[in-house]
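Please examine the structure shown here. The paragraphs that follow lead from the fold of one chain to the contact between two chains.

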Amino acid sequence: MNPDMDITALLPLIWATLIGVAVAFYVILDGFDLGIGMLFPFAKDDAERDRMLASVAPYWDGNETWLVLGGGGLLVAFPRAYSIIMPAFYLPLMIMLLALVFRGVTFEFRSIAQRKPLWNAVFAGGSTLAALCQGFVLGGLVQGVKIENGAYAGGPFDWATPFALLCGLGVVAGYTLLGATWLMLKTDGDMAARAAAKAKVLLVAVLVFMAAVSIYTPLTIPRIAQRWLTMPNLIYLAPVPIVTALVAFAQWRWIEARREAAPFLATVALFLLGYLGLVISTFPFIVPPTLTIHDAAAAPSRQMFMLIGTLVLLPIVLGYTALTYWLFRGKVREGAAYH
Amino acid sequence: MHLDPVLLARLQFAFTVSFHIIFPTFTIGIAIYLATLEVLWGWTGVERYKRLAAFWTKIFAVSFAMGVVSGLVLSYQFGTNWSRFSATVGNVVGPLIGYEVLTAFFLEASFLSVLLFGGERVPRWLHVFSGVMVAFGTTLSAFWILSANSWMQTPAGYTMEDGVAYPADWWAIIFNPSFPYRLAHMLNASLLTGGFVGIAVGARYLLANRHTEEARTMLRMAVGLTAILAPLQLVIGDLHAENTLKYQPTKIAAMEAHWDGSKPAPFELFAWPDENTQSNLYSISIPHIASLLVTRQWDGLFPGLQDVPPLDRPPLPNVFFGFRIMVAIGLYMIAAAWFGAWLWWRGRLFETRWYLNLVAQTWWVGFVAVIAGWVVTESGRQPWIVEGILRTADAVSPVPAASIATTLILFILVYGVVFSFGIYFINRLIARGIQEMQLPERTPHLAAGHPTFET
């Protein structure tokens, strides 16, 4: 067999994995700081909000950068998919970006401003709206995008379906759970206790949403039903929902036991399992229902320049990111503020 | 009412990119200044440098945040509004942006965190190193994005297959013909912009008789810097124009409102280019000077607008007036910097109140010049989005005009509000002044008793 042919077939897969990893990093990392924002209205007072911001302050910008990498990576590796997905989800993406503008500047503005309630609302609203829009894009993508002659051929509101709304709310719940369990990790005393109480409620909500999506998609999309519910797939893929249930059960116990790191890690595990489920449902399509990763890939040999660079740089990026997380490890004390 | 999606998409990108460019321009210059202050402090231990660094770091952080969020918008706009651009040249431009993210964005974000929040938990060398890394990151970011933008102006190292551009030679792509000039011009512009803000802040404090020691240091550093860089910018700009003449002669013709390529061109101090008569109305000009500047010959000839069909000409008012505004500010900068340097030499810099007042009021000149210059270079390449390869009108996404009109209005509202607040808060930071107390602790991991800023 021609070795070049193997590389040609393998490269889109490698790129899809890299972008998938970048998106996963984004979802988990920006997930918890968007989650903190969505918890803002439920904080006791501004001192508590100061502590919440302080717990994510050193990380938020780096976290958000994974969103640029995900989009940029899509442009590099799957330009055909990029040029379809972006216009297809024009309105939710634009609104997400505007929401992130508000969310991002609040980190700096709120610490200088005197009208804290205004910026508290901006931070909460921006975080919630961004999460909601991301859910809409996710749901819309799973349901499928209309393509003609290699370009987006649908309308401006194709993404606005009840299912996409369900996904939107699911993402909101999921990120908020990440935020609550992050607070269990980074704060102590009364604040961590209340975060735990919220985490329990949110865990239930997230599981409900995950179940709803898992039931709805095979019922409405034949391809997904075929993927999951036929033999022998049913046997091979059954571990995914089973492990999810086990993790959820363990997490409930850990939250009750007020463990510090375990609840957050369990939430991350739930996210990764849900993500895996979505990947299993959609593979090999990058733009369901018609565009596969092989169709959408940039000419493989032309991607080597970026691939080699990525494989060298990504570990370095992860290195100093990990350094930052380690440097600011530990609890955020009472009386702490942003800067 | 018929809305033109191409025009709307162009307006939206022009609006969002003009806002965005304000912040990286400022932050690149301030980052380098900050790194310098950090190194000076690390080396000499003189506390004044540390206080200045802490002061500017806070201002830097506000500007940086606005740069990040507005930059995110642009990176997605390549796809949302310019999907055919992405599909056509994405194989070349994509990796350049990808490298910008991987080498610059993560670097800046991580090390800025150390700078802002490291405080006592970070050894001095790491603090200084972080300052240097942030400056390096912002410069690296400029490198990649300017390479990508320069490739749009002077594409090189590519092949076309079925209407799609593919990379053939990455060195030629990255170091395309106009790149070195545009990078130098922009980095220098950044330093000049930050420099004039530094002069203004120093002058403002001196006039108010506050922080006199730090203000004098700032003024000395900034005046010294701008006195060297402002004339240098003129030289770089001239070399840049020479390169542009070779690769984008129509842009030069538009900059000079030069219609007839068969005659030498006068320098228009003021004119109103009229596309109907293909001449310049109300013209106040100096004969031959444009020929002299462009070709270095009194009777030199260079291509005129009439050498290309009207559909291939850029929008004249943008390019012509943008250029004049930029040059006028550039000349002001040289005059202001040199006069300041002369006053410094004569020992009268800190006492000449009319001068201090003038420079305090004109803190904004760098920003206006940068936007004007970008209008020249980007409007000047129209109707091409990638010179010779793809026209702007053929590059838009299949998004209905109504959607674009909606988002354009939203952007105008949101940016208007957010960035007004930004300027307001930076102004408040300057009004609060340089903290005299022992280094304000910024680490969020302190016990209670953390000093907070009072108004």
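Helices (H or I, at least four residues) and strands (E, at least two) are DSSP runs, numbered from the N terminus. By this assignment chain A contains 14 helices and 4 strands. This is a predicted model, in which local features need pLDDT of at least 70 and side-chain atom pairs count only at pLDDT 80 or more, while totals for chains, interfaces and linings use all residues. Residues are numbered from 1 along each chain as its sequence is written, and chains are lettered from A and ligands numbered from 1 in the order in which they are written.

The C-alpha trace of chain A spans about 65 × 40 × 40 Å along its principal axes. The radius of gyration is taken over C-alpha atoms, and the globule rule is 2.2 Å times the number of residues to the power 0.38. For 339 residues this rule puts a compact globule near 20 Å, and the 21 Å of chain A agrees with it. A residue is buried if 20 or more other C-beta atoms, placed from the backbone, lie within 10 Å of its own; in chain A, 53% of the 339 residues count as buried.

Two packed helices are described by the angle between their axes and the distance between the axes. Axes are lines fitted to C-alpha atoms, for helices over the stretch in contact, and angles run from 0 to 180 degrees between N-to-C directions. Helix α8 (residues 189-220) and helix α12 (residues 262-282) of chain A pack at about 10°, with their axes 12 Å apart. Because angles under 35 degrees count as roughly parallel, α8(A) and α12(A) are roughly parallel to each other. Residues are in contact if their C-beta atoms, placed from the backbone, lie within 7 Å. Among those making the contact are Val206(A) and Met210(A) of α8(A), and Leu270(A) and Gly274(A) of α12(A).

In chain B, strands β1 (residues 158-161) and β2 (residues 164-167) pair in the antiparallel sense over 4 bridges, where pairing requires that DSSP find at least two bridges between two strands. Tyr158(B) stands opposite Pro167(B) in β2(B). The hairpin of β1(B) and β2(B) has 2 residues between the strands, and Asp162(B) takes a positive phi near 55°.

Finally, the contact between the chains takes 62 residues from chain A and 63 residues from chain B. On the side of chain A that touches chain B, α5(A) gives the most, with 15 residues.

Terms used:
Contact = placed C-beta atoms within 7 Å. Parallel < 35°, antiparallel > 145°, perpendicular 65-115°, else oblique. Buried ≥ 20, exposed ≤ 12 C-beta atoms within 10 Å, placed from the backbone.
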